[in-house]
Amino acid sequence: MAQPITPSASLTCSALSFHWPDGTPVFDGFSLSVGRGRNGLVGTNGTGKTTLMRLMAGELRPSGGSVTVGGSLAYLPQNITLDTALRVDQALGIAERRDALRAIENGDVREEHFETVGEDWDVEERAIATLGSLGLGGIDLDRTVGEISGGETVLLRLAALLLERPDVLLLDEPTNNLDLPARRRLYEAVDSWRSGVLVVISHDRELLERVDRIAELRAGSVNWYGGGWSAYQEALATEQEAAGRMLRSAEADVRRQKRELEEAQIKNARRQRQDKKLNAQRKASRIVAGGLKRSAQESAGKSRVLHEERLSDARERREEAADAIRDDAEIRVSLPATAVPAGRTVLTLSEVRPRFGKLREATLDVRGPERIALVGRNGSGKTTLLRTLTGELSPLSGEAKTFVPSRFLPQRLDVLDPELSIAANVARLAPGVSDNVIRSQLARFLFKGERAAQPAGTLSGGERFRAALAAMMLAAPAPQLLMLDEPTNSLDIASVRQLTGALESYEGALLIASHDVPFLESVGITRWLVVGEELRETSADEVWDVLEESPEMAGPSEEDTL
């Protein structure tokens with residue numbers, strides 16, 4: 001991924017403001033300066049990472065302030081769609097230069113061909129070398145995009161950007177939908193970045209280990225941390241330990257100031273009673289008694305004001321300290337209706353041949369609350385198999401049956417109506433369930449109060465996933481089989497923990513297609529199934545080796561074209 005050094009390579013946001021058309025603010029006076037090297041951009045879902053990257057890429061116009069880019073910029077968004085009819089050289093943006101080179105080689109020396117080629121006489125060799133560096137050396141430039149897998153499409157688009165030799169490269173969740181070998185190739189590409197500015201948004205911890213520094217976006221501002229993911233986590237732990245000490249000290253100070261205020265009030269009341277008694281005994285004149293009373297009241301008032309100010313200051317310090325404590329709330333919900341008896345048949349596959357993918361035939365029985373992982377290379381047909389189980393796709397042969405209520409959460413999260421509120425989306429799937437019950441359950445999915453009334457279309461990627469998961473798990477009848485397709489895509493680390501917590505509460509059978517092996521291990525997978533030409537079982541210890549295997553180039557699958 002190395003490119004010529006450009007002295008002007010830089011990226012700066014100055015007093016940046018941005019509001020969505022409905023007036024919702026995202027940034028207000030935001031400033032950021034990104035230096036050369038590999039920079040990670042992290043933050044919880046909903047903080048505006050993708051919005052910020054789109055502003056930097058020029059896809060969105062700021063409401064105020066400016067974005068200044070030194071040199072050329074290239075941007076790889078989260079969701080990539082390429083016309084399947086395009087040739088690979090067209091997707092790489094080099095088709096015209098290739099055609100001009102061919103024309104010149106065949107004796108056509110018109111000036112327009114030389115203008116098209118410019119100084120890029122080795123463009124074809126560079127393209128082949130770039131594809132090879134990303135593990136796509138076996139893809140011919142004359143093939144069509146429809147002949148390669150979805151993961152390879154991501155790498156193809158990255159290759160196109162690298163061929164531009166950008167001074168600033170922006171990558172938004174680049175490992176989404178990549179299988180393990182493809183991720184490793186992308187890791188190597190990031191490792192090889194030696195000049196210019198690279199900014200990558202990711203929840204992939206292994207990718208973030210490869211950056212030089214991490215910028216954390218939180219509450220509309222950025223804090224920088226040197227090193228990769230592990231160094232960032234260590235720095236956060238140190239910060240949180242110090243923040244905890246400050247909060248405990250501030251809470252102790254609030255208690256002390258409260259106690260001193262109460263003691264001062266008691267002393268003042270006691271002094272007033274004593275003064276009143278002494279004045280009665282001395283039979284002081286009204287004028288003298290009044291003067292003494294006013295003097296005592298002024299003194300007591302000053303003392304009360306002083307103690308109240310000290311208490312107010314202590315409370316402010318406590319609030320500041322509390323704000324520094326991170327609240328990574330966890331999903332804790334009870335779902336007893338999803339329970340499946342151990343011996344009950346949940347689903348069966350009888351000699352099923354799916355409509356797309358490499359899988360030729362599959363036979364499978366799932367009983368009780370099994371937790372099954374579907375793993376395999378891009379293009380193997382994992383999504384196709386899940387959609388066959390749901391009945392969305394009919395198999396070419398064989399039969400797929402489910403025997404319990406089931407729900408499927410696809411990658412695209414299209415189970416949500418963006419115009420409806422979160423609560424209304426759940427109500428669609430849970431007819432007859434009262435609004436109070438729905439809102440009570442949504443609070444456990446961290447959509448509390450008015451948040452449940454927020455339109456689904458305004459949610460961030462991670463929030464949309466959490467809302468879709470809630471809609472699936474709270475549906476009526478309760479799903480006793482839950483199928484998830486790449487559920488950790490676009491989720492930050494905190495959201496992955498929340499997903500894991502929700503699945504811990506789920507008591508039914510799980511079928512999860514994912515490339516995220518650490519996540520699969522965290523949810524207690526009981527069976528590992530590799531999707532290839534056949535459906536075969538493996539162990540948790542062997543799954544990494546299985547995914548590292550390099551079978552022949554996978555063809556397109558239904559999961560790659562969705």
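A contact here means heavy atoms within 4.5 Å of each other. By that criterion, residues 24 or more positions apart account for 72% of the contacts in the protein chain with a separation of 6 or more. The structure is a predicted model, in which local features need pLDDT of at least 70 and side-chain atom pairs count only at pLDDT 80 or more, whereas totals for chains, interfaces and linings use all residues. Residues are numbered from 1 along each chain as its sequence is written, and side-chain values use heavy atoms, with hydrogens and water left out.

The protein chain comprises 18 helices and 18 strands; helices (H or I, at least four residues) and strands (E, at least two) are DSSP runs numbered from the N terminus. Of its 562 residues, 48% count as buried, a term that denotes under 20% relative accessible area, with exposed set at over 50% and partly exposed in between (1.4 Å probe, protein chains only). T51, in helix α1 (residues 49-57), counts as buried because its relative accessibility is 11%. Leaving aside neighbours within four places in sequence, T51 is in contact with F18, W20, V26, F27 and L60.

Charged side chains provide the next theme. The whole structure holds 21 salt bridges, each defined as a side-chain nitrogen of Lys or Arg within 4 Å of a carboxyl oxygen of Asp or Glu. In one of them, R98 and E124 meet at 3.2 Å, N to O. R98 lies in helix α3 (residues 95-105) and E124 in helix α5 (residues 123-133), so the pair ties together parts that are 26 residues apart in sequence. R98 also forms a salt bridge with D142, with the closest N and O atoms 3.1 Å apart. Because D142 lies in the loop between α5 and α6, this pair ties together parts 44 residues apart in sequence. R98 is buried at 7% relative accessibility, while D142 is partly exposed at 46%.

E124 has a further partner, R102, at 2.9 Å between the closest N and O atoms. This pair links helix α3 with helix α5 across 22 residues. R102 is partly exposed at 32% relative accessibility, whereas E124 is buried at 16%. Salt bridges that share partners join R87, D89, R98, R102, E105, E124 and D142 into one network.
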